Amino acid sequence: MVRDKILRGFLKVGIILCTTFFPCGCTEPDYNAMPIETVSVLFDTQSLQCRSIDPEENKISDINLFVFDEYGRLEKTVRIDSGDTRRCDLALTTGKRYRFAACVNFGYMVDIARSRQLQDLKFHLAYPDEYRNGIPMYSDTGYIMIHKGLQIHLKLIRLMSKISIRLDRSRLSEGVEMSIAGMRIGNCPRSVSVFSESCAESSDDCFPLGFSKDGEQCSALNRMESGGLSYPVSVYMLENAHGGSEAMHSYIELDIDYISPDLVSMDGHLKYRFYIGESGKGPGVERNCHYKITVCPENDGLNDD
């Protein structure tokens, strides 16, 4: 039996745009005296990570910031690279509407000319568990009227979800032992649509084996927190919002060393597999969520529930 719970929320790090305006008595715009929009960005530049280690969930390495006018044309674009705290001064006109969008931790310059191109923008992974720049994130404000004293907070939304697994051994029969040797995601998407719901459309869109942990990396599943309940271990994946055929459904697979009065896993590990998704909605992993899943093997631990 698998119980799951989803906790959703915006990441509480942000980009704050502080606006200062100066009155102008001209009947025509004075482009030499346009108000200045100050964009203040603080981000972390800790050392790079190697693969197969948990990404720093709040790390910001680079930012692509876009400002579109009310016709969807790109008014301003700013690229902020890792290294120092940067400050950007943007000239925007009071009384006009602008849309602010950002791509964070992409690791490259994003080239966009109009706001409608955001819908087609995708982020691609080279490896399923390499996040040297931190977790990819995005933000989109919609259109906002510029006025005196305005502050705009860009809420960053993770394009990945965190999946935490615990094992509850309290229902196993006496003499049955299960030791976790490895844990991984199967059918982990290779890419994600940034500004729209995203899912794998074919088996070619997925890494067969995604973010994985083995040995000591998943040893917490073999330590008891209370009763028969283990400590959690987490893996990460890009959004795979709904499933088509089973070939595209994302799943968790556990490698288990098994001992019972009748059976011993001698040649390799037993593999336990279950699909991820909210009860009643079918398989699917949404972005920016924390899935907390408890795996509860019963009796001899070999049934299909």
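Here is a walk through the structure, from a sheet to a cavity and then to a few single residues.

Keep in mind that this is a predicted model, where local features need pLDDT of at least 70, side-chain atom pairs count only at pLDDT 80 or more, and totals for chains, interfaces and linings use all residues. Residues are numbered from 1 along each chain as its sequence is written, and side-chain values use heavy atoms, with hydrogens and water left out.

Let's begin with the sheet. Strands here are DSSP runs (E, at least two residues; helices are H or I, at least four), numbered from the N terminus. Two of them pair if DSSP finds at least two bridges between them. Five strands make up an open sheet in the order 5-4-7-9-11, and the pairing is antiparallel. Strand 5 (74–80) and strand 11 (157–158) sit at the edges with a single partner strand each, so one side of each has no neighbour in the sheet.

Now look at one end of that order. Strand 4 (residues 63–68) and strand 5 are antiparallel and share six bridges; for instance, F68 has L74 in strand 5 as its bridge partner. These two strands form a hairpin with five residues between them, and G72 in the turn has a positive phi of about 85°. At the other end, strand 9 (residues 137–145) runs antiparallel to strand 11, and two bridges join them. M137 is bridged to R158 of strand 11.

Rolling a probe the size of a water molecule over the atoms shows where empty space is left. A cavity is a set of points, on a 1 Å grid over the protein atoms alone, where a 1.4 Å probe fits but cannot get out; lining residues have an atom within 4 Å of a point. The whole structure holds two cavities of 30 Å³ or more.

What lines the largest cavity? The residues are K122, S191, V192, S193, S198, C199, A200, E201 and D205. Strand 14 (residues 191–193) gives the largest share of this lining, three residues.

You'll find S198 in the loop between strand 14 and strand 15 (206–214). Is S198 buried or exposed? Its relative accessibility is 5%, so S198 counts as buried (buried means under 20% relative accessible area, exposed over 50%, partly exposed in between, with a 1.4 Å probe and protein chains only). Beyond its neighbours within four places in sequence, S198 is in contact (heavy atoms within 4.5 Å) with residues including S191, E239 and R287.

Finally, two asparagines. Most residues other than glycine have a negative phi, and most peptide bonds are trans. N105, though not a glycine, has a positive phi of about 65°. N105 lies in the loop between strand 7 and strand 8 (122–124) and is buried at 2% relative accessibility. N299 also has a positive phi, near 55°. N299 comes in the segment after strand 21 (289–295) and is partly exposed, with a relative accessible area of 46%.

Definitions and conventions: On a 1 Å grid over the protein atoms alone, a cavity is a set of points where a 1.4 Å probe fits but cannot get out, and a pocket is an open set with protein on both sides within 12 Å along at least five of seven lines; lining residues have an atom within 4 Å of a point. Grid points are joined across faces, edges and corners, and a volume is the space filled by probe spheres set on the points.
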